[in-house]
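Open the model in your viewer and keep the selection tool at hand.

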Amino acid sequence: MPPDSKLAPPAPPALKPAVDPATLAHRDLLGGDFWRSIPAYAQVSREEFLDHRWQAKHSITNIGKLLTTLEGLVSEGFIADAKGGFERAPMSVRVSPYLLSLIDWRNPYEDPLRLQFIPLASRLLPDHPRLDLDSLHERVDMPVPGLTHRYTDKALFLALDTCPVYCRFCTRSYAVGIDTEEVSKFQLKVNLDRWEQTFAYIRSRPELEDIVISGGDAFQLRPEQITLIGESLLSIDHVRRMRYATKGPAVMPQKILTDDAWTDALTAVVEEGRRRHKEVVLHTHFNHPREITEITQAAMDKLFERGITVRNQTVLQRRVNDSVATMGLLVHRLSYLNVHPYYIYMHDLVKGVEDLRTTLATGLEIEKGIRGVTAGFNTPTVVVDAPGGGGKRDAHSYEHYDRTTGVSVYTAPAVHPGEVYFYFDPIDLLPPSGQARWADPVEQVRMVEEARVAALAAPH
Ligand SMILES: *Cc1c(COP(=O)(O)O)cnc(C)c1O
Ligand code: SF4
């Protein structure tokens with residue numbers, strides 16, 4: 001069509017409508033003296049509450065103390081239920097006052113933070129028949145006690161076995177915390193000889209470029225231990241990347257703000273790494289947007305000012321964060337604080353927490369729903385850490401997935417070529433026909449075989 005100067009210029013494109021303020025909820029961080037609503041902390045000043053020593057000293061490490069702190073806040077029925085939960089759970093108890101203050105005690109049964117730390121007997125489900133305690137076979141791939149070398153260029157160093165809190169869903173419940181009646185733990189205490197053996201092994205393996213320092217939890221390392229591990233690893237030429245893994249920022253951000261010796265030790269390792277052109281970062285573990293407060297923001301700002309990169313790994317848990325709305329808010333809020341959402345893990349097969357697991361289908365839906373919420377580099381990958389030692393697989397990369405039996409099959413060509421690995425949805429979330437098959441031991445074997453055959457037949 002020839003241009004026609006008499007025609008009116010085209011109308012400007014309609015402006016995008018202003019967003020609903022509800023979509024900016026990720027910026028509404030809890031502030032003020034929120035802990036004072038807990039009777040036991042009603043008189044605690046801001047200065048005390050921000051003091052990491054106060055938090056550590058008042059962390060609750062036995063069930064009796066926990067239940068006493070909750071008296072008057074929750075019903076007697078709830079207390080009895082929690083007592084029964086701890087009696088049956090293979091875990092140690094440790095809850096920080098900060099965490100306890102973030103739980104909504106008016107609704108303790110449904111609270112997503114309570115669910116992660118305090119088991120209730122009435123909600124426990126039978127374990128999946130395919131569960132085994134060290135489901136990731138971390139101990140099989142250990143050339144030195146406490147060092148898992150599964151992938152070629154990276155290794156996982158379990159430096160110690162204590163944490164600032166104990167989580168119900170912990171994959172390493174075989175090792176962290178003190179022994180409980182249910183589980184006699186594999187010991188991973190701080191032990192300098194064991195650490196020296198670990199450094200010697202890493203030194204002897206030129207292919208190792210990337211070391212994850214975990215546990216347990218790097219928050220529990222003393223400043224001089226942060227330095228010792230950091231300097232020992234940085235001095236190995238072929239080590240190019242290190243990550244200190246800690247749940248600390250999610251459960252006791254006060255430490256970053258007030259434990260100057262610890263934060264300075266970490267900063268010094270990061271700076272020494274930078275001088276040597278090596279990356280040293282912090283990996284943390286937020287699971288729910290309500291775990292992030294103004295105190296967290298101050299702590300993350302401090303790390304950001306020091307040039308310390310923080311990445312986050314989340315565990316997908318039923319009724320905790322198993323919706324697009326909750327996970328989207330978490331991802332948005334972490335991004336706002338300059339924390340990079342890295343992974344969302346499908347919950348490992350761990351003893352005593354079947355009520356927290358959900359289906360692979362849920363993980364896939366969440367991934368679809370949150371991609372596009374924010375920058376691609378802040379969009380986490382949903383992964384399955386394949387039971388049996390296959391390592392992390394992109395949840396979408398299954399060779400086969402049967403939503404009736406809940407069996408999915410993965411391969412890991414770069415890690416263990418030729419092997420197949422299975423993941424299992426929790427049985428109570430399967431359709432009735434799937435549940436009926438799991439009730440029959442003969443069918444259990446058959447379902448796994450069917451899945452193996454289907455996976456091998458699938459086009460590649
Ligand atoms: C998770 C993990 C790593 C690190 O894997 P990334 O995918 O690079 O985060 C290394 N070793 C083991 C045994 C692991 O489980
Ligand atoms: S902080 Fe990490 S290692 Fe410690 S109990 Fe929780 S999930 Fe396990």
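**Stop 1: ligand 1**

Select Lys-392 and ligand 1: a polar side-chain atom of this residue lies 3.1 Å from an oxygen atom of the ligand. It is a polar contact, that is, a pair of N or O atoms within 3.5 Å; within protein, one atom must be able to donate a hydrogen and the other to accept it, and residues adjacent in sequence count only if both atoms are side-chain atoms. The model is predicted, so local features need pLDDT of at least 70 and side-chain atom pairs count only at pLDDT 80 or more, while totals for chains, interfaces and linings use all residues. Residues are numbered from 1 along each chain as its sequence is written, chains are lettered from A and ligands numbered from 1 in the order in which they are written, and side-chain values use heavy atoms, with hydrogens and water left out.

For Lys-154, the distance from a polar side-chain atom to an oxygen atom of the ligand is 2.8 Å. On its own, ligand 1 has 390 Å² of accessible area, and the protein covers 92% of it (Shrake-Rupley method, 1.4 Å probe; for residues, only the protein chains shown count as cover).

Which elements give two or more residues to the shell around ligand 1? They are β2 (154-158) and β7 (339-345); helices (H or I, at least four residues) and strands (E, at least two) are DSSP runs, numbered from the N terminus. To show the whole shell, select Thr-148, Tyr-151, Lys-154, Leu-156, Val-212, Arg-243, Tyr-342, Tyr-343 and Lys-392, each with a heavy atom within 4 Å of the ligand. By class, 5 are nonpolar, 1 is polar and 3 are charged. Here Ala, Val, Leu, Ile, Met, Phe, Trp, Tyr, Cys and Pro count as nonpolar, Asp, Glu, Lys and Arg as charged, and the others, Gly among them, as polar.

**Stop 2: ligand 2**

Move to ligand 2 and select its surroundings: Cys-163, Val-165, Tyr-166, Cys-167, Cys-170, Gly-216, Asp-217, Lys-247 and His-285. This shell has 5 nonpolar, 2 polar and 2 charged residues. Zoom in on Gly-216, in the loop between β3 (210-214) and α8. A cis peptide bond joins Gly-215 to Gly-216, with omega about 15°.

**Stop 3: a backbone detail**

Select His-277, in the loop between α11 (260-275) and β5 (279-284). His-277 is not a glycine, yet has a positive phi of about 60°.

**Stop 4: helix pairs**

Show α7 (residues 192-204) and α8 (residues 223-234), whose axes come within 10 Å and cross at roughly 20°. Axes are lines fitted to C-alpha atoms, for helices over the stretch in contact, and angles run from 0 to 180 degrees between N-to-C directions. α7 and α8 are therefore roughly parallel (under 35 degrees; over 145 is roughly antiparallel, 65 to 115 roughly perpendicular and the rest oblique).

Next, α13 (residues 324-336) and α14 (residues 360-370) have axes that come within 9 Å and cross at roughly 50°. That makes α13 oblique to α14.
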